[in-house]
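Me: I have a protein model open and want to go through it in short steps. Please keep the answers brisk.

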Amino acid sequence: MEPILYFIIPCYNEEAVLPLTFPGFRGKLTELIQKKIIHENSRILYVDDGSSDQTWEIIQKFAAQDEHIAGIRQSRNRGQQNALLAGLLEALKYADLTITMDCDGQDDIQAVNEMLAAYEKGAEIVYGVRRNRKRDNLPKRLTSRLFYRLMNWLGAESIYDHGDYRLVSARALRAFVDFKEVNLFLRGMFPLVGFQSTCVYYERKTRAAGRTHYPIKKMAALALDGITGFSVRPLRIITGLGLLVSLFGFGAIVWAVATHFLGYTVDGWTSMICMVAFLGGIQLLALGILGEYIGKIYMEAKGRPRYIISEYAGKDHLQEKEMNDNKTLC
């Protein structure tokens, strides 16, 4: 029997993009169903991440016109990672496998066929990986390369040039449910799940319309979540740095005492200021790193829901969920 596939597509203020990319998503779903690669009950599940434009109204329109389209809406904007999680855990109730991808059309929809072929050969997780970054500007290419190298150096397992375009089987997704992090970095979490995995390479396209909702600031925040969420090496680095500074300070004390007794004492305003500034900077940096980890412990200890679904759209099984408005899923 063919597997039930759910496309999970997060959206945030994408009213200009959705009408342009929807035909491609729907056409691929139809093609796979007609070729009997996937089951008739397969769906495209849009996840509205608390948009402030007409994104949800467009999703509702799609769902009303087509039984293969469904939608869920978060009660407020919580970020792409939480939107993906909401879609994945909702789809897990019905699907045998899921494919997550961006709604802007940059992820090559044709790579889905290769992903499904890899799944048929036994892969439980298939990562969509960019062949190159020719379309990115120089700063983005450099920061991306730096991020992946830094993640690997810190000991956090990650797939180079893989975003959130991936196929995940229901078996792997059920294992993933046991990961309870509030600070999400899905591209680092799925490699930890294990199971057989492989990569499919594709050319990333230009955005269909509008502008990206992932500027440098958000990318930096995501990178920080990835680093602090998957490695304690920064803490070990500041421990080693503290040891080196302590040894240096001890040597400076010995030197100061020796010069005092030898009568070579001179005014040391410049050296003192440099020393104070250096030590102060090191201390503030160390406190900042410690603060990031403590803040994440604080958020994890609260145990707040990672997403809240406020509305559902769809003619079939999702329709009955309307009676459970504001239902919280952890």
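Me: How many helices and strands does the secondary structure of the protein chain come to?
Reply: This is a predicted model: local features need pLDDT of at least 70, side-chain atom pairs count only at pLDDT 80 or more, and totals for chains, interfaces and linings use all residues. Residues are numbered from 1 along each chain as its sequence is written, and side-chain values use heavy atoms, with hydrogens and water left out. Helices (H or I, at least four residues) and strands (E, at least two) are DSSP runs, numbered from the N terminus. On that basis the protein chain has ten helices and nine strands.

Me: What pLDDT does the protein chain average?
Reply: pLDDT is the predictor's confidence in each residue, from 0 to 100. In the protein chain, 65% of the residues score at least 70, and the average is 77.

Me: Which residues have a pLDDT below 50, with 25 contacts in the model beyond near neighbours in sequence?
Reply: Contact means heavy atoms within 4.5 Å. The stretch with those 25 contacts and a pLDDT below 50 is residues 319-330.

Me: What share of the 330 residues of the protein chain counts as buried?
Reply: Buried means under 20% relative accessible area, exposed over 50%, and partly exposed in between (1.4 Å probe, protein chains only). Of the 330 residues, the buried share is 45%.

Me: Is helix H7 largely enclosed or open, and why?
Reply: H7 covers residues 186-193. Its buried residues are Leu-186, Arg-187, Gly-188, Met-189, Phe-190, Pro-191 and Val-193. Gly-194 follows, with a positive phi near 90°. Seven of the eight residues of H7 are buried, so the helix is largely enclosed.

Me: Which residues is Asp-108 in contact with, leaving aside its neighbours within four places in sequence?
Reply: Asp-108 is found in the loop between strand S4 (97-100) and helix H4 (111-120). At a relative accessible area of 16%, Asp-108 is buried. Its contacts are Tyr-165, Tyr-202, Glu-203 and Lys-205.

Me: Tyr-6 and Tyr-94 form an aromatic pair; is it stacked or edge-to-face?
Reply: Rings of Phe, Tyr and Trp (its six-membered ring) pair if their centres lie within 6.5 Å; planes under 30 degrees apart count as stacked, over 60 as edge-to-face and the rest as tilted. By this rule there are six aromatic pairs. Tyr-6 and Tyr-94 are 6.2 Å apart centre to centre with 20° between the planes, so by the cut-offs for planes the pair is stacked.

Me: Is Tyr-6 buried or exposed?
Reply: Tyr-6 lies in strand S1 (residues 5-11), and Tyr-94 in the loop between helix H3 (80-91) and S4, 88 residues apart. Tyr-94 is partly exposed, at 22% relative accessible area. Tyr-6 has 1% relative accessibility and counts as buried.

Me: How many residues apart in sequence are the parts that Tyr-165 and Tyr-202 tie together?
Reply: Tyr-165 and Tyr-202 form an edge-to-face pair, 5.1 Å centre to centre with 85° between the planes. Both Tyr-165 and Tyr-202 are buried. Tyr-165 lies in strand S6 (residues 162-169) and Tyr-202 in strand S7 (residues 197-202), so the parts tied together are 37 residues apart.

Me: Ile-294 lies in which helix?
Reply: At 55% relative accessibility, Ile-294 counts as exposed. The helix spans residues 269-302 and is H10.
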